[in-house]
Amino acid sequence: MNVIETSEAWHRVFDDGFTAYIGAVERLVCDGKPQEMLRFRLEPHHMGPDGASSRGLLMALMDTMLWAVILENIYGCLTPPSGEGATTVSLNADFLGTATAGETVYGVGEITRRTRSIVFISGRLFTRNADGNERGLLSALGVWKILGA
Amino acid sequence: MHAVFADFIGLEIQNGFGRVQIDHRHAGDGPVSHGGVTISLAEATAVSLPALQGFICVSAANQLIGPARREDELVAHATLVRKTRTLAFVYVCVHQKQREILHAQFVFEKGD
C-alpha cells in the first residue's frame with residue numbers, strides 16, 4: 001500500500017485593507033498548494049446587537065473568501081495585475097446559524113461557472129462543534145465581474 | 001445590546017438610518033472600498049429598525065451597483081416592506097449623494 005504523506009498549514013492572507021482590519025484571515029495550504037478553504041477566529045468585537053456573530057461580518061468574510069477563490073482561479077495568486085481583478089455584483093446569503101467569540105469560522109468556495117467577464121460562485125461558512133462535526137453558519141451565491149475583461 | 005462590529009468598523013446606525021465615512025480601514029482592491037463595508041452597513045441599518053426588535057435576520061440579497069471610494073460618505077435608509085407575526089421584509093438602499101451604491105433585501109424571522 002502506498003502511503004501518501006501530506007503537509008497542511010494555515011497561512012495568513014490579505015494583510016492590509018479592510019480584511020486585515022477586521023482580523024486575521026488564514027488560508028489552508030496543502031503540500032504547497034493553496035486550497036479553497038479559509039479560516040477566521042471570532043473575537044468579541046465581531047458580535048452583532050444580538051450578542052452572536054454579526055451577519056454583516058459573516059457576509060464580509062464570505063465576500064473576502066469568494067474573492068480569494070476567484071483571484072486564485074483566474075490569476076493563480078491573490079494579487080492581480082494593476083487594473084485587473086474582480087468585484088462583487090451580487091451576494092445572496094442565507095444565515096443558517098450563529099457563532100460566538102472564541103469560535104473559529106471556516107469557509108469554502110466553489111466556482112459554478114466562469115465566462116469571459118462574469119463568475120458564478122457559491123460558498124459556505126461553518127464552525128466545528130467539540131465533536132468535530134460541522135455546524136453551518138452561512139450559505140451564499142455570488143456573481144462577480146472580472147475587471148479588465 | 002451594543003452592536004460592536006458596526007462600531008468597530010466605523011458605522012453610525014440609528015433607527016433605520018446608517019452612515020459611514022470611508023477611510024483607510026475600509027480599503028479593498030485598488031481605489032475602491034471592500035464590498036463587505038457596504039454590505040455590513042446595509043445589514044446593520046436594517047437590524048436597527050425599531051419594529052424588528054425580537055427578530056433575527058435569516059436571509060440577505062445584495063446587489064452592488066457601484067463602487068465606494070476613499071472619503072466617500074455612504075448613507076443607508078431601511079424601509080420595512082411588510083411585517084407579519086413571524087416574518088419581516090426589509091429593503092435597504094445605500095447611496096453616496098445621488099449615486100446609488102447598493103440595494104439589499106432582507107428577511108427576518110421572529111426569534112424564540
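User: Which residues do ring pairs link into a cluster?
Analyst: This is a predicted model, where local features need pLDDT of at least 70, side-chain atom pairs count only at pLDDT 80 or more, and totals for chains, interfaces and linings use all residues; side-chain values use heavy atoms, leaving out hydrogens and water. Residues are numbered from 1 along each chain as its sequence is written, while chains are lettered from A and ligands numbered from 1 in the order written. Rings of Phe, Tyr and Trp (its six-membered ring) pair if their centres lie within 6.5 Å. Such pairs link Trp10(A), Tyr106(A) and Phe126(A).

User: Which residue has its charged end over the ring of Tyr106(A)?
Analyst: Tyr106(A) belongs to the ring cluster with Trp10(A) and Phe126(A). A charge counts as over a ring if NZ of Lys or CZ of Arg is within 6 Å of the ring centre and within 35 degrees of the ring normal. At 4.4 Å from the centre of the Tyr106(A) ring sits the charged end of Arg128(A).

User: About how much space lies in the largest cavity?
Analyst: Tyr106(A) also lines the largest cavity, among others with Val25(A), Phe40(A), Met65(A) and Leu125(A). Strand E3 (33-41), H2 and strand E5 (104-114) of chain A each give two or more residues to this lining. There is one cavity of 30 Å³ or more. The space in the largest cavity is about 60 Å³.

User: How is the aromatic pair of Phe106(B) and Phe108(B) classed?
Analyst: Over all chains, the structure holds five aromatic pairs. Phe106(B) and Phe108(B) form a pair with 6.5 Å between centres and 50° between planes. Planes under 30 degrees apart count as stacked, over 60 as edge-to-face and the rest as tilted, and the pair of Phe106(B) and Phe108(B) is tilted.

User: Is Phe106(B) buried or exposed?
Analyst: Phe106(B) has a relative accessibility of 1%, and Phe108(B) has a relative accessible area of 1%. Under 20% counts as buried, over 50% as exposed and in between as partly exposed (1.4 Å probe, protein chains only). Because its value is 1%, Phe106(B) counts as buried.

User: Which residues does Arg69(B) touch, not counting residues up to four places away in sequence?
Analyst: Arg69(B) lies in the loop between strand E3 (55-64) and strand E4 (73-83) of chain B. At 39% relative accessibility, Arg69(B) counts as partly exposed. Val90(B) is 21 residues from Arg69(B) in sequence and 26 Å away in space, C-alpha to C-alpha. With contact set at heavy atoms within 4.5 Å, Arg69(B) touches Ile22(B), Pro31(B) and Val32(B).

Methods
Helix = DSSP H or I, 4+ residues; strand = E, 2+ residues; numbered from the N terminus. 1 Å grid on protein atoms, 1.4 Å probe; cavity = no way out; pocket = protein on both sides within 12 Å on 5 of 7 lines; lining within 4 Å. Points joined across faces, edges and corners; volume = space filled by probe spheres on them.
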